[in-house]
Structures are given as structure tokens and as C-alpha cells.
Amino acid sequence: MKIDLRSDTITQPSQAMKMAMFAAPLGDDVFGDDPSVIELEELAAEMFGKEAGLYCASGTMTNQIAIKVHTNAPGEVICDELSHVYKYEGGGIGFNSGLATHLLQGNRGRLTATQIEAAIQIDDIHFPETQLVSLENTCNKGGGSIYELAALQEIQSLCQTHNLPLHLDGARVFNALIASDYTALDMGNVFDSISVCLSKGLGAPVGSVLLGSATFIKRARRIRKLFGGGMRQAGIIAKGGTYALQHNIERLMEDHARAKALAEALEACSYVNGLLPVDTNIVVFEVDSNVGYLNTLEKLKQQGVWAAPFGANQIRLVTHLDFDDAKLEQTNAILKNLY
Ligand SMILES: *Cc1c(COP(=O)(O)O)cnc(C)c1O
């Protein structure tokens, strides 16, 4: 038995998704005539009220392309110190776009307009010019934390005042939408560009979509080619993304409920020192240094439960499409009797 909670990226495409992919009409997407890629890009853009979309190999690629298109070095990007664009994209902001990163310390990965306002550089030749603000919703390293719509709207109006583009790393934006009272159209209204992962909670095997205005996406298409991300009969994988958007959004609430149940089980474990609040599908907990997190990961693995290390004595569990109630019961029993 293996229960894999390392990430929501580990899901396998379902039989129905594979059948849809198998039947997808294909073309050459570098020439712009793969009907299944076009279908996905149009569907995603329409959901968020954006003019256009661009299908890319990964969320790292959509984020890095967005940063490149929005900016013009020298300059800086403002983001939270926990953000994926800074922490988990290999230093791409400096490498790909030649920018400095202006890190702020938010609340579980979430920034406020006040914080950002204080960070925007004044016009002085000593300082890197602030050129972009990048936010994450939900925030992975914040334990799946969610922004309030009002907080995002305040940041939007601040950015408009300063003529700064605003990007959303929405790798798990649908988790935020399912757990909150705002919609995809609200996100489209707030942000100039949005990156959405199809291969996380939505369960498609490959890819992310970048959304924005028609002129933004036209430029992004050029950068995607330059990054080596132009794919030919990509419709065969894009179809999995379309299927995911059509079938796998509402069910994210099950993942959130199971994450809460895991958190409850962990709260009762003596070797657990604390947990981040569980708002969506991510559970981050800290183990007692007596038992150690590497040892705990190893013990869990021996019993079939795979989890991910998440910093000093911290472990992350992520619920997903292939984690059902039977597996939840088994996992809870294993967690309770681990030591
Ligand atoms: C997974 C993830 C990405 C993109 O990751 P890829 O593995 O490159 O697709 C971007 N941002 C966040 C917050 C993520 O969790």
C-alpha cells in the first residue's frame, strides 16, 4: 500500500481523462493551429474574464514568462519571502529577467497594500525601479493560506496608482476560489496576469495556463518560444487540462475537508508540536525535535505514507484527487500510532 501525500501533483489522469486526451484533435501549436490547445486557452481565459491564454509546460514557466513580459531590467519585483516565484523557481527572476527581488515578510505568504506601498521605491537613481508586484493565492509555503478579496482589491488600486502590473501565481487559485466567497472573474478583475496550474489539485498530467490581455499573451508567446517551450501536437496533453477544468473543480472541497480531518488527527498526536491553520488542501505540521522530522518521514514511509519535508522540523501533507476516505482513515490510524 502507498498513500502519497507529498503533493497534489502526484495524481494520475483518470480513465475518462485519458479517453478525452486520446480522442483530442491535434495540430501544430507552434504554428498556432492545434484545436485542443486553443480550446483550453480560450476556456481558461473565459473563466477568468481575460482576453487570451497561453498553455505552457509548467507553472514555473508561466510565472517566469509573466515576470519577463511585465518588466524591463534593471529593476525589481516585490513579493513575499515565501513565494514560489522566489523560493522554488531556481533563482529565475534574476536569471531570466535580470531583476532584483524585493522580499517582504507577510502573514503566511500574504502581503498587505500598506506593506507594498512602503516597499515601492521612490524615483531615485540609487534604487532598483519597482516594476512588478507578484502575489500567490493560495500560498503554498503559508500552508495553503487564502487572500481576502478586499485585501487584493486594495493592492490592485495601489498598483494602479503607481502604474505597476500585478501578477498572480495562481497555481492553486481554484482551491482559493472553492474555499472563499469570490470568483474566477473577481481574480481576473484584480490581476493583470494569472498563472493557473492544471497538474495540481485539478489532476491533469501536464501544464499550466497563463492568462492576460491579448497584447500581453502575444508577447508571452514569443518568450515561451525563446524559453524552448513551444510544443507541437500539445493538444494531447492540453485536453487533460480542459477535462480538468470541466470536471475537477467542485470536488476540491473534498480535498479541503480531508485536509481538515488530517489536521484533527495530528492535533491529538503527542509528537506534533503545532500546525499551521488548515484553510485548503495543505497541512503543515511541526514535529517534536526529540523524534525529528526526517525520522518521522522515514517511519511514515515504512508504513506506506509518503510526506514531504518542509523546512526545520516541518512536514507537509497535501490532499488530492487520488486520496479518498478509505486512505484518510488508514492515514489517520498510522499517524495516531506512529510513536
Ligand atoms: C507548483 C507551483 C508552481 C509551479 O510549479 P511547476 O512544478 O513548475 O508546475 C508555482 N507556484 C506555486 C505556488 C506552486 O505550488
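User: Which side chains meet in a salt bridge, and at what N to O distance?
Analyst: Arginine 108 and aspartate 279 do, at 3.1 Å, N to O. A salt bridge here is a side-chain nitrogen of Lys or Arg within 4 Å of a carboxyl oxygen of Asp or Glu. This is a predicted model, where local features need pLDDT of at least 70, side-chain atom pairs count only at pLDDT 80 or more, and totals for chains, interfaces and linings use all residues. Residues are numbered from 1 along each chain as its sequence is written, and side-chain values use heavy atoms, with hydrogens and water left out.

User: How is the chain divided into domains?
Analyst: Domain 1 covers 13-247 and domain 2 covers 251-336; the bounds come from an automatic or database domain assignment. Their centres, taken over C-alpha atoms, are 28 Å apart.

User: How many salt bridges cross the interface of the two domains?
Analyst: The rule finds one.

User: And how many residues are in contact on each side?
Analyst: 18 residues of domain 1 touch 15 of domain 2, contact meaning heavy atoms within 4.5 Å.

User: How much area do they bury?
Analyst: About 1,400 Å², 57% of it on carbon and sulfur atoms. That is accessible area (1.4 Å probe) lost on putting the two parts together, summed over both. Arg108, Asn175 and Ile178 supply 32% of what domain 1 buries against domain 2, more than any other three residues.
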